[in-house]
Amino acid sequence: MMRLSLACRLALPSVLLLATPALAQSPAASSAPRRITLADVDRVASVRDPQRSPDGQWVTYAVSTVDVAKDKSDNDIWMVKWDGSESVRLTSTGESESSARWSPDGKWISFLRPDEKKKPQVWTLSRLGGEAQKLTDVAGGVSDYAWAPDSKSLVLVSRDVDPTAGEDKPDKAPKPIEIETFKFKRDMVGYVDGKLRTHLYLFDVAGKKTTQVTSGAWDDSAPAFSPDGRHVAFLSARSEAREKSSVREVYVVEAKAGATPRQVSTKVARHGDPLAFSPDGTKLLYMEGGDPRYDAYEQFHITVVPVAGGAAVNLTPTLDRPVSDAVWSKDGSRITFVVADDRERYVATVPAAGGPVARVTKGLQVVGSLADSSADGNFAVVVSTPAQADEIHALDGGVLRKLTGHNDWMAKELALGTLKPVEFTNKEGVRIGALLTLPPGTTTASKLPFILHIHGGPNGQDNYGFMFDREWIAANGYAVLQVNYRGSHGRGQAFQSAIYGDWGNKEVADLLAGVDWAIKEGIADPARLGLGGWSYGGILTNYTIASDPRFKGAVSGAGSSLQLTMYGTDQYIVQYETEMGQPWKNMERWMKVSYPFFKVEQIRTPTMFMAGEKDFNVPAIGSEQMYQALKSIGTPTKLVIYPGQFHGITRPSYRRHRLEQWVKWFDTYVKTGAGAPGTTATASSTTPGR
């Protein structure tokens, strides 16, 4: 429901507060450092997707900024020199560009940009300068692509086009959607009829000719060329059970029309990108999951298989953590990748023939998006810390060196909150990790108004990366606790899949253990407790207010409670049937995980519900039902629907509105202690899910 060392572990005390000096977020020297304001959310640049040039001298990357006047975000391509001495903005058209890539010969920088029909196409810029030129003109648009090693062609991912569809006209009625597929909804896509699929195409640069390579009643994605350019590896779900499974296989196909794909993955599992051939072309690297039943709690491993066929080898069998962003070394002897650990992400490396995993980067930070170059074996990465939003860094000889400064204004202007990693044990003796953020300038807290901020997923985690939401809430005078409850990743597969088929139970116990800890430590005022979250964080907000009466105010974003009614109305049908079974055969289990709706009469926490109008991930009906129920029984409530928005709120003015409403709700019911009366017990007394 992905809704947006052992020795040390055994030695931990029941409560541990790690007050690491490196995390103290004191403002930079300035005349008057100030607290973060609502307007600042539009000033934080999103920096991502670094790509090194073949000679290693430059790094392209994407920067997303907000145009407040037009109420939209714009994504542009930038370039920075490897030594950090020069930075160049490459695009500024007002159209969003993405997926910048270097041609292997280093002559071109390509990227995706919408054409006049709003279809993404590949555009190119000469390394020597000049205007961008549209390279492709594919009817279905281009969603992904990769350069051939000789720079003479590309492999494109494009969606089929309905041959019977004409030009869209304002006065023409849309065609009825006729559906026969099991999985028929997808957020941001809409209804999926299964007739139009994504396939691979070869594009000849000189001749501007497009040739279809794959076809069939399935989707193909994540293409990668072999070093000699003769083959392309890709992902596709082609098994007979694909409709009722999350399994995806890895295939290799000759780079020509009419070729027959050959499956090279050998395990029944969900496979993921990146796919990457070894430098000599004899092996293929890919990400491989475990038991398909635990798809919602997936933890990928790095797997390598001989391209000619043979047994696949798991290179990280003892690393009980999710991995991503894997890259071969130039000589093919090692693989460098990213590990998601407890509240952090770091770079590690492993011998390609198998062996121990060695950590490369250290520090309480989030590192990702590895991009290498054949020139020197170093990497460009994205790094974030509690006090620094994402910026591009060079990982040069194993040492991080900052290259960009799009968000340097923050350190110069803002006094941010004080973030500390904390740990405690729940009632079962399970160690739980969390992050505590205190209001700016607060080093010792005494009975502060308190917000439990719950992350979504659940297969995600709160980490040391900068997060505007928690800074905004803390800047308004609240202590903010973010708990990595069971179901979160970064603590191993058993911790992650502990909630399988039992939602709203162990997670709530872990969240309430965090609240109890904060009260016991004197940080949280037991009379001024609040909580909120989005997606699975909204779902858990509903579970928590139905399990514990202490909270004075809550905000539930993109959540649900009457889970029985989510069957067939959202995009999680495979997970539902895998974990819960068919409702008509397992009604008791479905009713159990729907308990917030059926226990609504004991909910006295004033709660605001929020949702995107077009959300197919967690449809607005989930928020509407709880709003209607609380309205019916007289508990203070409010419903906010964002027109035209999907699961993630992307319109800048709506993002500001959401943040503003959160704090306004908390100020009204939590900070004043005016919420649910007579519920200031110092420990939770309700058993979740019972």
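The charged end of lysine 185 sits over the ring of phenylalanine 616, 4.4 Å from its centre; a charge counts as over a ring if NZ of Lys or CZ of Arg is within 6 Å of the ring centre and within 35 degrees of the ring normal. This is a predicted model, in which local features need pLDDT of at least 70, side-chain atom pairs count only at pLDDT 80 or more, and totals for chains, interfaces and linings use all residues. Residues are numbered from 1 along each chain as its sequence is written, and side-chain values use heavy atoms, with hydrogens and water left out.

**Charge over a ring**
- Arginine 359 lies over the face of tyrosine 346, at 3.9 Å from the ring centre.

**Aromatic pairs**
- The whole structure holds 17 aromatic pairs, meaning rings of Phe, Tyr and Trp (its six-membered ring) with centres within 6.5 Å; planes under 30 degrees apart are stacked, over 60 edge-to-face and the rest tilted.
- One of them, tryptophan 503 with tyrosine 576, is tilted, at 6.1 Å centre to centre and 55° between the planes.
- Tryptophan 503 is in the loop between helix H4 (493–496) and helix H5 (506–520) and tyrosine 576 in helix H7 (residues 573–579), so the pair ties together parts 73 residues apart in sequence.
- Helices (H or I, at least four residues) and strands (E, at least two) are DSSP runs, numbered from the N terminus.
- Tryptophan 503 and tyrosine 576 are both buried, that is, under 20% relative accessible area, where exposed is over 50% and partly exposed in between (1.4 Å probe, protein chains only).
- Ring pairs join Trp503, Tyr567, Tyr576, Trp584 and Trp590 in a cluster.

**Alanine 39**
- Alanine 39 belongs to the loop between strand S1 (15–17) and strand S2 (46–52).
- Alanine 39 has a relative accessible area of 49%, so it is partly exposed.
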